[in-house]
Each structure stands twice: as structure tokens, then as C-alpha cells.
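Here is a short briefing on one protein model and its ligand. Start with the structure below, then read the points by topic.

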Amino acid sequence: MRLLKRAAAIGIASLMVLSMAACGSGAKETTAAATEATTAAESNTTAESTAEAVKEAVGGDMSDKKVGISIYKFDDNFMTLYRTELQRYLVDELGFKKENVVVQDGKNDQAEQTNQIQNFITQKYDVLILNLVQSSSAPEVTEMCKEAGIPVVYINREPTVEEEQRWKDESIKATYVGCDARQSGTYQGEQILETSNKGDINGDGVVSYIMVQGDPENVDAQYRTEFSIKALTDAGVEVKELLKQRGDWDQAKAQQIVQDALTQYGDQIEVVFCNNDAMALGALQSIEAAGRKVNEDIYLVGVDALTEAVQNVLDGKMTGTVFNDHLSQAQSAADMAAAFVLGEDVENVNMVDYVKVTKDNAQEVLDKLK
Ligand code: GAL
């Protein structure tokens, strides 16, 4: 498994860049972010090679192995796409038996999810793939798995850098597969900077915006919120936050938040930032209901590249979105699980790149999603 070892080396570089960005000054962060983008791109290619290597090595060996998967909640558009690909790839590409790939709904309840994990452990599953309800539970869950000798692949909700480092230092069979949410936030900000008036529709020299956040415990929500605005201020643009409210990744909640905000602030709102596309779709319903027109008198950006959102970008109803590559993430997570089952060492952090989606490449992204 030479290729897996190469993946490991790149993983280390990626983690180093991440920690640099986390504690560096503004200038350092920019350099780190650029390096990070390159590193993530490299690790993307590596993820593909890893997949090949795993497939080669797997043969029929996986047919009696059991994978326990728990998703933080089934009722989440993005994670539904993710888990569908995860199941398909484990069975069709890696040779796990369908009945040995068990996926459970964490129902957004950490106690319930911890129970599910406990049951997987009691039933001696070979490997777990976990999308934690609360990423802060990672140390406790990791200990449970470690004691039972079961490797674990965390996905989507990133544990802390300290926890990830602990797995490495203590040779614990745990890894994280995800994306660096700073990159998606930065892309959202850039999309506003790329508009003809850099987001300043009323020409008063200030970009006035509202921010609809995901679950704020989630690092994706924190980083997208911070880095979308940072991209504007780094470019010397003055900003004014009219409102920041949590919409918990949920379309209906976002629709209500944006409806109320439009009633309260009206034309003052020039940009609506949503931490994901489900919320951007809700925002769009309210924007249209209020008689406003995206890309004319208001801008709207999301993240994930849900099919409907990408179509909206193509039709000019959303300014942009960012492809949160669930296909590569699911495949990489499954590859890591298979590598663990084969007794391979796996790097502790594995990042996949985000892709900025604008009108120019929206059709290409749509084709990939179909
Ligand atoms: C994010 C994604 C959101 C939501 C969240 C769940 O990466 O953009 O739509 O699925 O993960 O943790």
C-alpha cells in the first residue's frame, strides 16, 4: 500500500498548514490559506490514488466485514447525499456486503447517537464511520472505540485540532475526513467581490449584510461566517452586519429569518450570506416573496452545491455557491475505513478541496452531480 503512505505524508503537511493558519497573523493566514488550497488539491488527487490502492488490495476480503455508520440526523439535505454515496461506494466499489453496511440516524441527539455507537461496539463491528451530533464528544467516543479495538473515521463535523493530534501522538486508530471550512467562507466572500459593485449595491461605500448561520457549535458554521466577511475586509471593503442569526442548516428556519430581516431592514440589505444551500433556498423564497431580485438589488450566496442551488446560480437566482464535494469525501472516508480494516496506518486528517461555483462553471458542476 505504497500509495496510502504517500497520502499519509500529504496529510501531515496539510495538518501543519492548518495549525499555522489557526494561530498566525492575517498575512500568514493568507499565505497559509493559499498553501492549504494547493495541499488540498494534492490530497484530492491522492485520495483518488488511495481509492485505487484500496480497491486493488481489497479483493474479496471485505465481504464479512461490518461497517457501522451514524449520521448526525437523516433530515439534512447535504448529509443525505453524502450517506447515499457512502453506502453505494462501500458496497459497489469496495465489496462490502449491503447487509454489513448499517447506517443509523443520530436524530440530532448526542445521547441517542452514543447509544448507537455503543451497540455497534457490543456487536463487534470492524470499523465505524461517524458524523457526530456534537463534535465535542469526539474524545469520549474515541476512547470507547479505542478500548474496544475498533477504528473510527470521523466525517463532516471536525473534532478539535488538539484531539486530532492526540490520535497521532497516542497511535489511536482514528481519522477525520472533511473539508477546510475556511476555504468555503473565503470563496463566498470572493463571489461578492467579483460582482460589478463588489456588493455595494446602493453605493454608500459600505456592504450591509445579514448572516444566516448553521449550527454554531459546528466549525463549518463558525469558519464560513468568519472567512466570508474576512475576504471582504481583507480586500479593503467596509462592511456592516445588520443581523446574524442561527438557522441550524435548515431551509424553513432560514426562510423565516430572512423574511423577518427583510421586513425590518428592507433595502438596507445588500447581501444575504447563508452558511449552506438549504438555508439559501429558504432565503430565496423570502427574497422573491418580498419582490426583491437577486443580482439586481440583492446578492445571495450559499455552500454545498445542492442541485437546486446550482440551477439557481445558472438561472441568476443565486449569486454563487460552493461545491462541498460529498462524492470525494464519502469515497475518501470509505477508503480510510477499508484501510483500517486491512490493518493499514491512516493519516489523522484528510482534507478534500471545495470548488467555487459561479455562473461560468455551474453547468459543469451540475453535470458532475447528475
Ligand atoms: C455542512 C454542510 C451543511 C450541513 C452540515 C452538517 O458541511 O454544508 O449543509 O450538512 O455540514 O454538519
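Which residues of E5 lie on one side, and which on the other? Ala174, Tyr176 and Gly178 are on one side of E5, and Thr175, Val177 and Cys179 are on the other. Both faces are covered, and all these residues are buried (under 20% relative accessible area; exposed is over 50%, partly exposed is in between, with a 1.4 Å probe and protein chains only).

This is a predicted model, where local features need pLDDT of at least 70, side-chain atom pairs count only at pLDDT 80 or more, and totals for chains, interfaces and linings use all residues. Residues are numbered from 1 along each chain as its sequence is written, and side-chain values use heavy atoms, with hydrogens and water left out.

**Ligand site**

- The ligand is surrounded by 13 residues (each has a heavy atom within 4 Å of it).
- The closest are Asn156, Arg157, Asp220, Arg224 and Asp304.
- By type, the shell holds four nonpolar, four polar and five charged residues. Here Ala, Val, Leu, Ile, Met, Phe, Trp, Tyr, Cys and Pro count as nonpolar, Asp, Glu, Lys and Arg as charged, and the others, Gly among them, as polar.
- A polar side-chain atom of aspartate 304 sits 2.6 Å from a ligand oxygen.
- For arginine 157, a side-chain N or O atom is 2.8 Å from an oxygen atom of the ligand.
- For asparagine 324, a side-chain N or O atom is 3.2 Å from an oxygen atom of the ligand. The cut-off for such polar contacts is a pair of N or O atoms within 3.5 Å.
- The ligand taken alone exposes 310 Å², and the protein buries 99% of that (Shrake-Rupley areas, 1.4 Å probe).
- Helix H3 (77-93) and helix H8 (219-234) are the elements that give two or more residues to the shell. Helices (H or I, at least four residues) and strands (E, at least two) are DSSP runs, numbered from the N terminus.
- Domain 1 (2-179 + 325-352) and domain 2 (182-323) both contribute to the shell, so the ligand lies between them. The domain bounds come from an automatic or database assignment.

**Buried strands**

- Six of the six residues of E5 are buried, so the strand is largely enclosed by the rest of the structure.
- E5 pairs with E4 in the parallel sense over four bridges (pairing needs at least two DSSP bridges).
- Tyrosine 154 stands opposite tyrosine 176 in E5.
- Strand E6 (residues 207-213) has seven of seven residues buried, so it too is largely enclosed.
- Val207, Tyr209, Met211 and Gln213 are on one side of E6, with Ser208, Ile210 and Val212 on the other.
- In a regular strand, side chains alternate between the two faces of the sheet.
- E6 and strand E7 (residues 239-246) run parallel and are joined by seven bridges. Glutamine 213 is opposite arginine 246 in E7.

**Loop residues**

- Asparagine 156 is in the loop between strand E4 (152-155) and helix H6 (161-169). Its phi is positive, about 65 degrees, although it is not a glycine. At 8% relative accessibility, asparagine 156 is buried.
- Serine 171 is in the loop between H6 and strand E5 (174-179). Serine 171 is not a glycine, yet its phi is about 50 degrees. At 65% relative accessibility, serine 171 is exposed.
- Threonine 319 is in the loop between helix H11 (307-314) and strand E10 (321-323). Its relative accessible area is 13%, so threonine 319 counts as buried.

Notes:
Polar contact = N/O pair within 3.5 Å; in protein donor to acceptor, adjacent residues only side chain to side chain.
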